[in-house]
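Please keep the sequence and the model in view while reading.

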Amino acid sequence: MSALAAALLSAREEGDRLTLRNFGRERAEMLDAADITFRQVQFAHCRFTSCDFSGAAFCGCVFEECVFVGCRFAGSFWKDSSFSGCKAEGGDFRRTRFKNCTLTRLRLRYANLSGARWERCGLTDCDLTESACQELEIIKTSLENVDFTGADLFRAAFKGADLSKCTLDGVSLSASCQELRGAKIHSSQAAVVARILGIEVED
């Protein structure tokens with residue numbers, strides 16, 4: 001049994017809590033971490049395959065250079081935590097809440113972020129290509145070099161967000177583009193919005 005699997009087994013016996021642990025180069029498959037509360041836990045160079053983190057809470061946790069394949073995080077809660085150089089392509093992050101978190105070089109291609117919420121977070125150099133972001137809520141969150149190419153942003157709320165350094169090519173919006181109302185975009189991105197509205201823009 002791996003160190004992580006053993007720690008989770010103990011956590012189940014101690015009120016579903018795992019605190020102050022460091023894990024490096026773990027390889028976990030079909031791990032059941034649903035509804036576990038992780039506090040000040042660090043993961044480095046770990047690989048998770050088909051693991052269930054649904055409803056889990058991550059407080060003050062750190063993930064560095066980790067890979068998640070087919071993992072579920074639906075309904076999970078994140079606070080004062082960080083992802084750096086991680087991959088979670090195709091992950092299930094529906095209704096996930098991120099608060100005061102830092103996401104750097106995170107690959108979320110094809111991920112499901114429907115109904116998720118980012119509050120007071122910072123996303124830098126992240127890839128959300130073709131992700132499902134319906135009803136995603138952005139609150140006082142900075143977005144720099146975030147790639148939303150082909151993402152479904154239907155009914156997402158970007159009011160107050162600065163999207164001028166993001167890629168919005170091929171995104172799906174409502175007919176009125178209400179998702180971008182109150183957001184800041186670069187002049188070069190205006191053509192993307194114009195095309196959705198059926199407006200022809202000449203160079």
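## A buried alanine

Ala34 is buried, with a relative accessible area of 12%. Buried means under 20% relative accessible area, exposed means over 50%, and partly exposed lies in between (1.4 Å probe, protein chains only). The residue is found in the loop between β2 and β3. Helices (H or I, at least four residues) and strands (E, at least two) are DSSP runs, numbered from the N terminus.

When neighbours within four places in sequence are left aside, Ala34 is in contact with Arg12, Asp52, Phe53 and Ser54; contact means heavy atoms within 4.5 Å. Ala34 and Ala57 are separated by 23 residues in sequence, and their C-alpha atoms lie 9.1 Å apart in space.

## Basis of the model

The model is predicted: local features need pLDDT of at least 70, side-chain atom pairs count only at pLDDT 80 or more, and totals for chains, interfaces and linings use all residues. Residues are numbered from 1 along each chain as its sequence is written, and side-chain values use heavy atoms, with hydrogens and water left out.

## Two residues with positive phi

The loop between β2 and β3 also holds Met30. Although Met30 is not a glycine, its phi is positive, at about 55 degrees. Met30 counts as exposed, at 63% relative accessibility.

Gln40 lies in strand β3. Gln40 is not a glycine either, yet it has a positive phi of about 50 degrees. With a relative accessible area of 47%, Gln40 is partly exposed.

## The parallel sheet

An open sheet is formed by three strands in the order β2-β4-β7, and the pairing is parallel. Two strands pair if DSSP finds at least two bridges between them. The edge strands, β2 (27–29) and β7 (67–69), each pair on one side only. Neighbouring strands of this sheet are turned by 10 degrees against each other on average, direction ignored; the axes are lines fitted to C-alpha atoms, for helices over the stretch in contact, and angles run from 0 to 180 degrees between N-to-C directions.

Strand β2 is joined to strand β4 (residues 47–49) by three bridges, and the two run parallel. Glu29 stands opposite Thr49 in β4.

## The nonpolar core

The largest nonpolar core has 61 residues, and those with the most contacts inside it are Phe38, Phe148 and Phe158. Such a core is a set of buried Ala, Val, Leu, Ile, Met, Phe, Trp, Tyr and Cys residues joined through side-chain atoms within 4.5 Å. The elements that give two or more residues to this core are α1 (3–13), β1 (17–24) and β3 (37–44). Its largest share, four residues, comes from α1.

Not counting residues up to four places away in sequence, Phe38 touches residues including Leu8, Leu18, Phe43, Phe53 and Phe58. Cys59 and Cys61 are also among the residues that Phe38 touches.

## The chain as a whole

The chain contains two helices and 15 strands. Its radius of gyration is 18 Å, close to the 17 Å that the globule rule gives for 203 residues, so the chain is as compact as a globular protein of that length. The radius is taken over C-alpha atoms, and the globule rule is 2.2 Å times the number of residues to the power 0.38. Along the principal axes, the C-alpha atoms fill a box of roughly 65 × 25 × 20 Å.

Buried residues make up 44% of the 203 residues. Of the contacts with a separation of 6 or more, 5% are between residues 24 or more positions apart.
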